[in-house]
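Subject: Structure handover

Hello,

Here is the structure you will be working with. My notes on its helix packing and pockets follow below.

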Amino acid sequence: QPRAWAQASGRAMRRQAVTAVALLALAFGIWWLGTGLIAGFALLAALLLGAALGLPIVLALALGGLSRMARGAFSEWAFADSRQQLPALSLALMALLLALAANIGVSTMVGSFRTTFTSWLDQRLASELYVTVENEAEAERLRRFLAPRAEAMLPIVSAETRLFDMPAEVFGVVDHRTYREAWPLLSERAGAWDALFAGEAVLVNEQMARRASLRLGDPVQVAEGVTLPVAGIYSDYGNPAGQAIVGYDLFREIWPQVRPDSFAIRVADKGAPALATALREEFGLPDAAVRNQAQIKRFSLRIFENTFRVTGALNILTLGVAALALLTSLLTLSSLRLPQVAPVWALGVPRGRLARAEVWRLLLLAGLTFLLALPVGLILAWVLLAVVNVEAFGWRLPMQVFPADWLRLFAMSLAAAGLAAALPAIRLSRMAPARLLQVFSQER
């Protein structure tokens with residue numbers, strides 16, 4: 001009877017395989033033709049459902065291939081028994097696949113964000129000190145005070161406006177090596193910085209470029225009567241709004257009423273702490289008004305880590321749910337499988353060996369599930385970074401991989417499967433012989 005059920009489920013698995021292929025084809029079609037955030041989430045749904053439905057077929061094929069390497073009657077029986085029990089375990093293994101794929105995808109996304117964000121902060125926060133003053137007179141005093149003590153005092157000035165009928169912020173920057181050397185540009189024309197400082201071009205952030213479909217050389221009306229070509233597109237991670245940069249002289253012509261109250265101070269690294277102390281003492285500035293590069297970076301990274309702290313907890317929770325599903329399935333099957341196990345025991349295989357075979361079988365299935373979850377998780381990460389994130393926020397992160405995290409997750413998946421298999425295996429190893437013999441007395 002169990003074999004008959006397995007054969008019947010084989011026909012259902014073939015229909016399931018067709019559905020899985022159709023869902024994966026739908027995911028490809030959405031990626032090729034779809035646009036918008038809804039299409040991105042539909043792509044994720046089709047991908048994950050297609051992969052989950054295709055898992056039992058892939059596992060059955062893998063077990064069939066591995067069974068050819070079996071040596072001895074017991075090994076052949078173990079592989080055949082695993083294929084027969086696969087339909088009953090398929091739902092729990094699908095849950096494990098989705099948990100592992102989500103772990104890999106989300107951790108890859110967060111890791112890529114963390115690595116890119118850290119290097120981006122190093123580039124953006126090129127100045128050693130950042131100072132905020134209360135008024136223009138204090139700014140002039142600061143300029144005279146820093147003249148013999150610092151390499152440069154760079155104003156940080158901006159104005160809110162509308163570009164392409166969208167709220168935006170325009171910054172004005174002075175001609176200094178800080179921007180040429182440290183400001184990260186995703187794409188640029190030759191001589192982009194020279195054109196910018198000459199008032200002949202504008203830089204736009206990635207968000208503005210994507211939303212307005214801007215390319216290098218396209219015109220941007222910065223203000224009434226001022227239209228400039230795009231000389232470069234820069235990364236601006238974490239900012240949902242559009243942004244543009246023009247030369248400081250042109251900025252002052254367009255918005256003469258805007259005066260800078262924040263400044264980036266370039267000074268030797270060793271002299272930054274002493275200069276910060278001198279500024280606080282000379283001008284009576286609070287600690288928050290004089291910040292160094294390291295302080296701002298630590299503050300930004302702390303916000304980042306707090307934002308994604310819940311990710312680690314969700315990863316453990318999803319694995320726990322998958323392990324619970326496996327345990328429930330195995331406990332249900334343990335009593336139903338006695339007619340398959342009892343004859344093998346009666347032929348002389350000890351109960352301890354049968355119990356170990358149960359554990360190894362589930363570890364093998366969990367390992368094979370992880371191998372399939374790995375590419376699914378990486379594709380999931382790519383969709384999150386290149387499709388969903390772009391549609392939701394207007395900027396794209398470069399995808400990076402973290403093999404050490406994969407190894408740790410692989411070990412966690414095996415541990416979860418081992419814990420799920422432990423209780424049924426212990427029950428089998430300690431089962432009374434009379435219980436196994438009842439199978440034969442109740443035979444029909």
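The model is predicted, so local features need pLDDT of at least 70 and side-chain atom pairs count only at pLDDT 80 or more, while totals for chains, interfaces and linings use all residues. Residues are numbered from 1 along each chain as its sequence is written, and side-chain values use heavy atoms, with hydrogens and water left out.

Helices (H or I, at least four residues) and strands (E, at least two) are DSSP runs, numbered from the N terminus. Axes are lines fitted to C-alpha atoms, for helices over the stretch in contact, and angles run from 0 to 180 degrees between N-to-C directions.

Helix packing

The axes of helix 12 (residues 338–346) and helix 15 (residues 433–441) cross at roughly 105 degrees and come within 9 Å. Helix 12 and helix 15 are therefore roughly perpendicular. Residues in contact (heavy atoms within 4.5 Å) include Trp345 in helix 12 and Phe440 in helix 15. By class, this contact of helix 12 with helix 15 has eleven nonpolar, no polar and one charged residues. Here Ala, Val, Leu, Ile, Met, Phe, Trp, Tyr, Cys and Pro count as nonpolar, Asp, Glu, Lys and Arg as charged, and the others, Gly among them, as polar.

Helix 3 (residues 73–124) packs against helix 14 (residues 403–429) at an angle of about 155 degrees, and their axes are 11 Å apart. That makes helix 3 roughly antiparallel to helix 14. On the helix 3 side, Leu100, Asn103, Ile104 and Thr108 meet Trp406, Leu409 and Ser413 of helix 14. The contact of helix 3 with helix 14 has four nonpolar, three polar and no charged residues.

Pockets

On a 1 Å grid over the protein atoms alone, where a 1.4 Å probe fits, a pocket is an open set of points with protein on both sides within 12 Å along at least five of seven lines; lining residues have an atom within 4 Å of a point. Grid points are joined across faces, edges and corners, and a volume is the space filled by probe spheres set on the points.

The largest pocket holds about 900 Å³ of space. Its lining has 37 residues, with Arg124, Leu125, Tyr130, Ile156 and Ile296 nearest the centre. Helix 3 gives the most to this lining, with five residues. By class, the lining of the largest pocket has 24 nonpolar, ten polar and three charged residues.

The second largest pocket has a volume of about 410 Å³. Helix 3 gives the most to its lining too, with six residues.

Regards

Terms used. Parallel < 35°, antiparallel > 145°, perpendicular 65-115°, else oblique.
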